Amino acid sequence: MQKDAYSLILDAIDQGIYRPGDRLVESELAERFGVSRTPIREALQRLETQSMAARDGRSLVVASLDHNQLAELYVVRAELEGLAARLAALHATEEECRVLNDMVAADRLLAGDPNALSRANRRFHRLIHLASHNRYLVQQLDLVHRSMALLATTSLAAEGRSEATLAEHGAIVEAIARRDPDAAQAALRTHISKAFETRLKLDAGEIRG
């Protein structure tokens, strides 16, 4: 199968290989991913159109989010993720509930590794999106989480945040499993709100990462 240059670059940003402010150079990307420069050029144009990449003089760099963009992103994320949790409480299969429970249990072993827990956190939220069984909501949440890749650090790096996150995940899954849509939505929205508060404190230097 021919490699999709756009997906390859997007995955590299999501994995932190390219971080906000890093230059995106056609020749380097083509060599890294083993594709010609034409699809790389087209992919970069697409990323720029989507505000995932930005101009810095004559260079193209991975975009970053300012304070206002960050606040707007978290508002949308809280609403959409809360809706996903509500729908998951109504429509998740027993197997999906079991997997969510297993994820929470397994992720407790990652409490001391913020980067590993961050990856696990994305998988956890993705499963809740899918458990909503609403394809249009999943598409919108994909866009939101794509923008989350533009954050230079994870709020899970903050002291004590890993343990709190795992407890919040447990509350979300418990509400979904007992088929309580109001509680699931409230728990998910609270979780996103706490993550945002932590990120603001991290950025302000009020807590240690």
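**View 1. The fold has nine helices and two strands.** Helices (H or I, at least four residues) and strands (E, at least two) are DSSP runs, numbered from the N terminus. This is a predicted model; local features need pLDDT of at least 70, side-chain atom pairs count only at pLDDT 80 or more, and totals for chains, interfaces and linings use all residues. Residues are numbered from 1 along each chain as its sequence is written, and side-chain values use heavy atoms, without hydrogens and water. The order from the N terminus is α-α-α-β-β-α-α-α-α-α-α. The chain is as compact as a globular protein of 209 residues, because its radius of gyration is 18 Å, close to the 17 Å from the globule rule. That radius is taken over C-alpha atoms; the rule is 2.2 Å times the number of residues to the power 0.38.

**View 2. Buried residues make up 43% of the chain.** Buried means under 20% relative accessible area (1.4 Å probe, protein chains only). Contact means heavy atoms within 4.5 Å. Of contacts between residues at least 6 apart in sequence, 76% join residues at least 24 apart.

**View 3. Helix H9 covers residues 181-204.** H9 reaches 35 Å from its first C-alpha to its last, close to the expected 34 Å. The expected span is 1.5 Å times one less than the number of residues.

**View 4. Helices cover the buried residues of H9.** Among these buried residues are Ala184, Leu188, His191, Ala195, Thr198 and Leu202. An α-helix has 3.6 residues a turn, so residues three or four places apart point the same way. The cover includes helix H4 (67-91), helix H6 (114-131) and helix H8 (161-177).

Key: Buried < 20%, exposed > 50% of the residue type's maximum accessible area, 1.4 Å probe, protein only.
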